Amino acid sequence: MTDLTYDVIVLGAGPVGENVADRVVQGGLTAAVVERELVGGECSYWACMPTKALLRSAAVLRAARRLPGAREAVTGDLDAAAVLARRDAFASHWTDDGQVAWLESAGIALHRGHGRIAGDRVVEVTGADGGTTVLTARHAVVIATGSGALLPDIAGLREAAPWTSREAAAATVVPARLAVIGGGVVATEVATAYASLGSAVTVLARDGVLPQAEPFAGELVTAALRESGVTVRVGAEAASADRAGDGTVHLALTDGDRIEVDEVLVAIGRTPNTRDIGLDTVGLEPGAWLAVDDTLRVLDGGGWLYAAGDVNRRALLTHQGKYQARAVGDVIVARAAGTAVEDGRWGRHVATADERAVPQVVFTDPEVASVGLTAAAAEAAGLRTRVVDHDLAAVAGSALHADGYRGHARMVVDEDRRVIVGFTVVGPDVAELLHAATIAIVGEVPLDRLWHAVPAFPTVSEVWLRLLEAYGR
């Protein structure tokens, strides 16, 4: 058994853990990360990068087919094998050599194996050979172990070996028939991707399509999925599953109907990867989400334990986890040095945006880009709001972008402060519009000042002018 000491120990070497360690080292401390799988984490191999690679080729093909001249030049269908090969490249063929090399160049120590907290600032790492390394932190331990797919208690489902987001992102064969249980982001993106690759897709959206978004987003995405050949069954729920000897999965629905598919994806939510990391040794509940203060320090965690990324359930998005990681790394350095902690609203050492300005893009067709509060969430928060809508297809830039363009934009205004607190836009290729809205919300830019931010003509960004005109001066 080996004993080693570092200033900071990070459990999990995904994007969040990597960023925590990097900020710590840049601040002059030493850091080690512990990883039981691939360095780079979920986003690099089973989520953000490979899934967007699966979606991109079909998006380009659809864009070409929506324009006269380009449409006539397209003579074939999507090459599924080529799409999967490009996906493999973006997942680094599920090897982490490049990520490991980056850790070394950044001066971050890597310990491979399963890490468990064993006491105050102590982590035990069990390697593949069964050997144990004991790591001790002078200042902090950070939990950045992420989350995994949540499987519902449906009779026979686990025995039927369903896909989760991991299998969907890494599949080597496109199933002829795919059922998707769920209607959220993962469900709709996977349905979009596999329908374009040739699968006959059925979506069982018990709670609707994109239920957390503005209602028009779910309506537009549902219509587009159906037009692409996807069967969307809103309100449908699986009661049981059974995989036959020939591989066919038989799904019985609560309404008495039955469907047969080759694979079934479960995409109903996430669960924290905290079950076997030693939380019980410090008085916390194994398998639970970790409650944190504004500086991401775990409540009742002794003052030395932090949690960043999915495990704290503040915002289950890679970019928000990395944002938290920068704050965590910096605050650990500040506390180690005894310097001031900036923990006020929008301070350097807090993650204020987690509650007020979380940007997200759903890479379906059409894309859904949103930041801040929906109209319903703003009302529930007690804000006195005004909701302003505009048909995105009525903007000159949209008409130029694609024939038959369909889309919608909404801004939610806090009437007492006359600032935007929410923005959602739906349409082809709208993802790049989002950061302007994020800046407006984070910067709390008054509407009177936004009138002076003149959008270039003819771009889709002219929707900002149209929204302001609808609001009035």
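**Notes on a predicted chain: salt bridges, loops and a charged patch**

1. Asp96 counts as buried because its relative accessible area is 6%. Buried here means under 20% relative accessible area, exposed means over 50%, and partly exposed lies in between (1.4 Å probe, protein chains only). Please keep in mind that this is a predicted model, in which local features need pLDDT of at least 70 and side-chain atom pairs count only at pLDDT 80 or more, while totals for chains, interfaces and linings use all residues. Residues are numbered from 1 along each chain as its sequence is written, and side-chain values use heavy atoms, with hydrogens and water left out.

2. Arg112 makes a salt bridge with Asp96, with 2.8 Å between the closest N and O atoms. Arg112 sits in strand β3 (residues 109–112) and Asp96 in the loop between α5 (80–90) and α6 (97–106), so this pair ties together parts that are 16 residues apart in sequence. A salt bridge is a side-chain nitrogen of Lys or Arg within 4 Å of a carboxyl oxygen of Asp or Glu, and the count by this rule is 31. While Asp96 is buried at 6%, Arg112 is partly exposed because its relative accessibility is 41%.

3. Trp94 also belongs to the loop between α5 and α6. Its backbone deserves a glance: phi of Trp94 is near 60°, a positive value in a residue other than glycine. With a relative accessible area of 24%, Trp94 is partly exposed.

4. Now to the whole chain. The protein chain holds 16 helices and 21 strands; these are DSSP runs numbered from the N terminus, helices being H or I with at least four residues and strands E with at least two. Along the principal axes, the C-alpha atoms fill a box of roughly 65 × 65 × 45 Å. The radius of gyration is 24 Å, which agrees with the value near 23 Å that a compact globule of 473 residues would have. That radius is taken over C-alpha atoms, and the globule rule is 2.2 Å times the number of residues to the power 0.38. Buried residues make up 49% of the 473.

5. A second salt bridge to look at joins Asp257 and Arg233, whose closest N and O atoms are 3.0 Å apart. This pair links distant parts of the chain, 24 residues apart: Asp257 is in the loop between β12 (249–253) and β13 (258–261), and Arg233 is in strand β10 (residues 231–234). Asp257 is partly exposed, at 33% relative accessibility.

6. How far apart are the closest N and O atoms of Arg417 and Glu444? They are 3.3 Å apart, and the two residues form a salt bridge. Here too distant parts of the chain are linked, 27 residues apart, with Arg417 in the loop between β20 (408–414) and β21 (419–427) and Glu444 in the loop between α14 (434–442) and α15 (447–450). Arg417 is partly exposed at 39%, and Glu444 is partly exposed at 26%.

7. Asp429 lies in the loop between β21 and α14. Although not a glycine, Asp429 has a positive phi of about 60°. Its relative accessible area is 37%, so Asp429 is partly exposed.

8. The peptide bond from Asp365 to Pro366 is cis, with omega near 5°, and Pro366 is placed in the loop between β17 (359–362) and β18 (367–372). Phe457 and Pro458 are likewise joined by a cis peptide bond, with omega about 0°; Pro458 is in the loop between α15 and α16 (463–471).

9. Is Val298 buried or exposed? Val298 is buried, because its relative accessibility is 5%. Its place is the loop between β15 (270–272) and β16 (305–307). From Val298 to Val142 the C-alpha distance is 9.2 Å, though the two are 156 residues apart in sequence.

10. Finally, the surface: Asp294, Glu342, Asp343 and Glu355 form a negative patch. Patch members have over 30% relative accessible area and no salt bridge, with like charges joined within 9 Å and nonpolar side chains (Val, Leu, Ile, Met, Phe, Trp, Tyr) within 5 Å. Asp343 is in the loop between α10 (318–337) and α11 (353–356) and is partly exposed, at 45% relative accessibility. Areas come from the Shrake-Rupley method with a 1.4 Å probe, and for residues only the protein chains shown count as cover. Lys and Arg count as positive and Asp and Glu as negative, with His and the chain ends not counted; a charge is placed at NZ of Lys, CZ of Arg, CG of Asp or CD of Glu.
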